[in-house]
Amino acid sequence: MPAETRSLAGTVVAVTGASAGIGRATARLLVEAGAKVAITARREERLTDLEAELGSDSVVWVAGDIADAATNARLVAVALEKFGRLDSLVASAGIGVYGGIVDGTDQEMQTMIDTNFTGTVWGVRSVVPTFLKAGGGDIVIVTSVAGINGGADEAVYAGTKAAQLVFAGAIDRELRESGIRVTALCPAAVSTEFAIGTGRTAGDAWLEDVLTPEDVAGSILFTLQQPRRVRTTQVTMWSAAQGS
Ligand SMILES: NC(=O)c1ccc[n+]([C@@H]2O[C@H](COP(=O)([O-])OP(=O)(O)OC[C@H]3O[C@@H](n4cnc5c(N)ncnc54)[C@H](OP(=O)(O)O)[C@@H]3O)[C@@H](O)[C@H]2O)c1
């Protein structure tokens with residue numbers, strides 16, 4: 001018997017971090033699968049580009065800082081206004097500032113904590129009332145294997161990713177009886193703009209061997225397409241060439 005999957009056609013998904021990398025690839029795959037997307041990031045021109053590419057019937061956008069609760073609230077508001085429903089959240093916005101524990105400025109560390117963890121908290125708090133009213137919804141939080149294993153020269157980054165991971169587990173336990181499914185997606189390195197200049201260098205040869213944003217987006221789609229009786233709580237992903 002073929003595996004049962006759930007169609008995403010006509011569903012509406014909020015995607016954070018949609019101006020680049022994993023979020024952008026996910027928005028593309030979602031629209032290809034027939035979903036509508038409400039997208040956000042700070043770079044407005046990247047959002048309007050994606051809207052032009054995917055078609056304004058399928059896209060609504062909000063430009064803003066994810067660490068600001070108001071950005072997240074506006075994303076939900078524009079999705080409901082334009083599409084009349086909101087089914088899922090993919091929280092992908094994030095930054096990486098690598099280095100030893102006393103490297104970097106206090107402000108860089110604070111911005112990373114606010115973007116990666118506080119932004120995720122505001123995203124979830126913004127969508128949950130709508131999901132509860134609808135009797136269900138899906139939340140996929142893009143965390144990292146760094147949040148499981150830690151790693152030298154990325155302690156603060158890993159801490160933000162561990163915080164997302166534990167937060168995802170906690171809200172899964174809190175909300176599962178309300179029909180809300182929560183997934184913590186933990187990729188290893190992905191070849192995106194991520195951390196370029198703050199730990200990675202554009203053109204680094206090793207980036208050729210890692211996951212692509214489309215690999216990760218495919219896994220997010222797979223998760224959302226699972227029948228409602230299936231809950232995928234945690235996914236870890238490595239490329240074949242990476243050591244775990
Ligand atoms: N790439 C990796 O190796 C890797 C591995 C594991 C996990 N991850 C996780 O995957 C997620 C996505 O990363 P990526 O690889 O796709 O990186 P990316 O290509 O650099 O994309 C990051 C996205 O986050 C958005 N963003 C960053 N700061 C923001 C802010 N303050 N407010 C609103 N949006 C903000 C960026 O948009 P704007 O700059 O336009 O605001 C961009 O759309 C992150 O949470 C990261 O921790 C990445």
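1. Starting with D172: it forms a salt bridge with R176, the closest N and O atoms being 2.7 Å apart. Keep in mind throughout that this is a predicted model. D172 is buried, at a relative accessible area of 4%, whereas R176 is partly exposed at 35%.

2. D172 has another partner: its side chain meets that of R231 in a salt bridge, 2.8 Å from N to O. R231 sits in the loop between α7 and β7 (234–237) and D172 in helix α6, so this pair ties together parts that are 59 residues apart in sequence. R231 is partly exposed, with a relative accessible area of 37%.

3. How many salt bridges does the structure hold? The count is 10. One of them joins D138 and R181, with the closest N and O atoms 2.7 Å apart. Since D138 belongs to strand β5 (residues 137–142) and R181 to strand β6, the pair ties together parts that are 43 residues apart in sequence. D138 is buried at 3% relative accessible area, and R181 is buried too, at 6%. Both residues belong to a network of salt bridges that also takes in R6 and R228.

4. R24, in helix α1 (residues 21–32), is buried yet has no salt bridge. Leaving out residues up to four places away in sequence, R24 touches G17, A18, S19, R46, D49 and L50.

5. R200 is the other one, in the loop between β6 (180–187) and α7 (213–224). R200 is also buried without a salt bridge, and here the nearest side chain of opposite charge, D204, is 6.5 Å away. What does the side chain of R200 reach at 3.4 Å? That would be the backbone oxygen of V190. Beyond its neighbours within four places in sequence, R200 is in contact with Y98, A189, V190, F194, A195, W206 and L207.

6. A195 lies in the loop between β6 and α7 and has a positive phi near 65°, though it is not a glycine. A195 is buried, with a relative accessible area of 8%. D153 also has a positive phi, about 65°, and is not a glycine either; its place is the loop between α5 (146–149) and α6 (155–175). For context, most residues other than glycine have a negative phi.

7. On to the ligand. Of the 30 residues around the ligand, S19, I22, R42, Y157 and T192 come nearest. An N or O atom in the side chain of T192 is 2.6 Å from a ligand oxygen, and one in the side chain of R43 is 2.8 Å from an oxygen atom of the ligand. D65 places a polar side-chain atom 2.9 Å from a ligand nitrogen. Taken alone the ligand exposes 880 Å², and the protein buries 96% of that.

8. Last, V78 in helix α3 (residues 69–83). Is V78 buried or partly exposed? At 21% relative accessibility V78 counts as partly exposed, because buried means under 20%. Not counting residues up to four places away in sequence, V78 touches V60 and V62. V78 and L211 are 133 residues apart in sequence and 32 Å apart in space, C-alpha to C-alpha.

Conventions: Residues are numbered from 1 along each chain as its sequence is written. This is a predicted model: local features need pLDDT of at least 70, side-chain atom pairs count only at pLDDT 80 or more; totals for chains, interfaces and linings use all residues. Side-chain values use heavy atoms; hydrogens and water are left out. Helices (H or I, at least four residues) and strands (E, at least two) are DSSP runs, numbered from the N terminus. Buried means under 20% relative accessible area, exposed over 50%, partly exposed in between (1.4 Å probe, protein chains only). Lys and Arg count as positive and Asp and Glu as negative; His and the chain ends are not counted. A salt bridge is a side-chain nitrogen of Lys or Arg within 4 Å of a carboxyl oxygen of Asp or Glu. A polar contact is a pair of N or O atoms within 3.5 Å; within protein, one must be able to donate a hydrogen and the other to accept it, and residues adjacent in sequence count only if both atoms are side-chain atoms. Contact means heavy atoms within 4.5 Å. A residue is near a molecule or strand if one of its heavy atoms lies within 4 Å of it. Accessible areas come from the Shrake-Rupley method with a 1.4 Å probe; for residues, only the protein chains shown count as cover.
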